[in-house]
Amino acid sequence: PLPELRTTPDAGLTKRYAEASGDPNPIHIDEDFAKSVGLPGTILHGLYSMAQVARAHTDVAEGDPRALKRLRVQFRGMGFPEQEIVVTSTVKEAELGRIVTETEAAQGDNRIIRNAEAELQLDQP
């Protein structure tokens, strides 16, 4: 396995991420609106969750984003602010500085990203 990544998005993250990503969907930034459409509250942007999967892999490459050659994820659950996200990865292929992982991101039993696959090239020039 690769080292786990653990991060807890704070209560204001969805508003900041909405501005940075250009995705102002009210389910991410307006608690009352989110509840009015049947959600328990505001939810994380899926791309934020995916970014944590990418971060877990670039951390292995000493922070070098060029090492991440490919990333594929399946968004499978809603993520929530103020709940720890744990990204776990298992190496399924390894050869000549290249690894391919099977990865998921979860908040407790809520697996928000599943069936993810990442390819890292660790011997960058």
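**Ground rules.** I took helices (H or I, at least four residues) and strands (E, at least two) as DSSP runs, numbered from the N terminus. I am working with a predicted model, so noted: local features need pLDDT of at least 70, side-chain atom pairs count only at pLDDT 80 or more, and totals for chains, interfaces and linings use all residues. Residues are numbered from 1 along each chain as its sequence is written, and side-chain values use heavy atoms, with hydrogens and water left out.

**Helix 3, a pair one turn apart.** I began with K35 and E31, whose side chains meet in a salt bridge at 3.9 Å, N to O. For a salt bridge I required a side-chain nitrogen of Lys or Arg within 4 Å of a carboxyl oxygen of Asp or Glu. Why are K35 and E31 separated by about one helical turn? Because they are four residues apart in helix 3 (residues 31–36). An α-helix has 3.6 residues a turn, so residues three or four places apart point the same way. I also checked accessibility, calling a residue buried under 20% relative accessible area, exposed over 50% and partly exposed in between (1.4 Å probe, protein chains only). K35 is partly exposed at 46%, and E31 is partly exposed at 36%.

**Overall layout.** Next I stepped back and counted four helices and five strands. Along the sequence I read the pattern β-α-α-α-α-β-β-β-β. The C-alpha trace spans about 50 × 30 × 20 Å along its principal axes. Of the chain's 125 residues, 42% count as buried. I then looked at contacts (heavy atoms within 4.5 Å). Among those with a separation of 6 or more, 61% come from residues 24 or more positions apart.

**Helix 4.** Which residues of helix 4 are buried? I listed Y48, S49, Q52, V53, A54, A56, H57 and T58. Their cover includes strand 1 (5–7), helix 1 (13–21), strand 2 (68–75), strand 3 (85–95), strand 4 (98–107) and strand 5 (110–121). Just after helix 4, I found E62 with a positive phi of about 55°.

**Strand 5 and its partners.** I counted two strands as paired if DSSP finds at least two bridges between them. Strand 5 runs antiparallel to strand 2, with six bridges joining them. Strand 4 and strand 5 are also antiparallel, joined by nine bridges. Strand 4 and strand 5 form a hairpin with two residues between them, and G108 in the turn has a positive phi of about 65°. I kept coming back to E117 in strand 5: R72 stands opposite E117, and E102 stands opposite E117 too.

**Salt bridges.** My tally for the structure is 12 salt bridges. R70 forms one with E117, with the closest N and O atoms 2.6 Å apart. This pair links distant parts of the chain, R70 in strand 2 and E117 in strand 5, 47 residues apart. I noted R70 as partly exposed at 31%, whereas E117 is buried at 12%. E104 and R111 form another salt bridge, their closest N and O atoms being 2.9 Å apart. E104 is partly exposed at 24%, and R111 is partly exposed at 37%. Salt bridges that share partners join R70, R72, K92, E93, R98, E117 and E119 into one network.

**P24.** I found P24 in the loop between helix 1 and helix 2 (26–29). Is P24 buried or exposed? At 56% relative accessibility, P24 counts as exposed. Leaving aside neighbours within four places in sequence, P24 is in contact with A18 and I29. P24 and H45 are 21 residues apart in sequence and 9.9 Å apart in space, C-alpha to C-alpha.
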